[in-house]
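Student: Could we go through this structure together? I would like to know how one reads it, step by step.

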Amino acid sequence: MKKLLKSLIIDFERFSIPIGTFRGIKFPNLPKNVRKSFIYIGMRRSGKTYMMFQKMHELLKQGISRQKILYINFEDDRLQGMSLENLKEILEAYFELYPEYIDRDDIYFFFDEIHEISQWEKFIRRLLDTEKMQIYLSGSSSKLLSTEIATSLRGRTLVREVFSFNFKEYLNHQKISLPKRISSKDLALINYHLQQFFKRGGF
């Protein structure tokens, strides 16, 4: 398992991170001595993974190197059968690749669809108690409820719920900006896209 995890870590470093359409879903900046995990929850295909990718782009713009960003997608078929016991191997794999980062507090772990691992919260609690990295998680709202997360992680979380695009976000995705004064042509265009939005939805 550790060999596979190392391979996934290295593969992601060479992955071109997509950015998608900006949603504006953010977490507040916290003092470094405040240890919390940041969690995106929402229905499938609502954009949780892209929220993580956008956060990574933000970190890269701040000068954080790719090697300081770890991303694991637990829906990867190669991780089927992974258990709570295997989760510790993520730390071992990462710090064996980058031993110079062991005591750094400017590394970032992103765990996508973490609810796929039974009792994952025990592992995250241990990271919050004993390690220094910043932790971002995502999970399906059908498997995780914000109240359950707060209880299982003893309140050491900040949660953002991700919904599908609303109409304004849909227009933004279509690269349509509305002028302050709307003409009859603008209105016709808006009505057209509104009909498309009703047909296709915000996913």
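Tutor: We shall begin with the whole chain, then turn to the sheet, one of its strands and a pair of helices. Please keep in mind that this is a predicted model.

Student: How many helices and strands are there in the protein chain?

Tutor: The protein chain has 7 helices and 5 strands. Read from the N terminus, the elements follow the order α-β-α-β-α-β-α-β-α-β-α-α.

Student: And what does the C-alpha trace span along its principal axes?

Tutor: The C-alpha trace spans about 60 × 35 × 35 Å. Of the 203 residues in the protein chain, 43% are buried.

Student: What holds paired strands together in general?

Tutor: Strands of a sheet pair through backbone hydrogen bonds, and the pairing is either parallel or antiparallel.

Student: How many bridges join β2 to β3?

Tutor: There are 5 bridges between β2 and β3, the latter being residues 108-112, and the two strands run parallel. As one example, N73 has D112 of β3 as its bridge partner.

Student: What about β1? Which strands does β1 pair with?

Tutor: β1 pairs with β4, residues 134-140, over 6 bridges in the parallel sense. β1 also pairs with β5, again parallel and over 6 bridges. For individual residues, F38 has Y136 of β4 as its bridge partner, while the partner of Y40 is R160 in β5.

Student: Is β1 largely enclosed or open to the outside, and why?

Tutor: β1 is largely enclosed by the rest of the structure, because 6 of its 6 residues are buried. Both faces are covered: S37, I39 and I41 are buried on one side, and F38, Y40 and G42 on the other.

Student: Let me pick G42. Where is G42 placed, and is G42 buried or exposed?

Tutor: G42 lies in β1, which comprises residues 37-42. G42 has a relative accessible area of 1%, so G42 counts as buried, the cut-off being under 20%.

Student: How far apart are G42 and G139 in sequence and in space?

Tutor: They are 97 residues apart in sequence, and their C-alpha atoms are 6.9 Å apart in space.

Student: Changing topic: at what angle do α3 and α4 pack?

Tutor: Helix α3, residues 84-97, packs against helix α4, residues 120-130, at an angle of about 35 degrees, and their axes are 9 Å apart. The crossing is right-handed.

Student: Which residues make the contact?

Tutor: From α3 the contact involves L84, L87, K88 and L91, and from α4 it involves W120, K122, F123, R126 and L127. By class, the contact has 6 nonpolar and 3 charged residues, with no polar ones.

Student: One last point. Which residues of α4 are buried?

Tutor: In α4 the buried residues are W120, E121, F123, I124, L127 and L128. They lie on the same side of α4, because they cover an arc of only 160 degrees around the axis.

Conventions:
Residues are numbered from 1 along each chain as its sequence is written. This is a predicted model: local features need pLDDT of at least 70, side-chain atom pairs count only at pLDDT 80 or more; totals for chains, interfaces and linings use all residues. Side-chain values use heavy atoms; hydrogens and water are left out. Two strands pair if DSSP finds at least two bridges between them. Helices (H or I, at least four residues) and strands (E, at least two) are DSSP runs, numbered from the N terminus. Axes are lines fitted to C-alpha atoms, for helices over the stretch in contact, and angles run from 0 to 180 degrees between N-to-C directions. A crossing is left-handed if the near helix is turned anticlockwise from the far one by less than a right angle, and right-handed if clockwise. Contact means heavy atoms within 4.5 Å. Ala, Val, Leu, Ile, Met, Phe, Trp, Tyr, Cys and Pro count as nonpolar, Asp, Glu, Lys and Arg as charged, and the others, Gly among them, as polar. Buried means under 20% relative accessible area, exposed over 50%, partly exposed in between (1.4 Å probe, protein chains only). The arc is that of the directions from the helix axis to the C-beta atoms.
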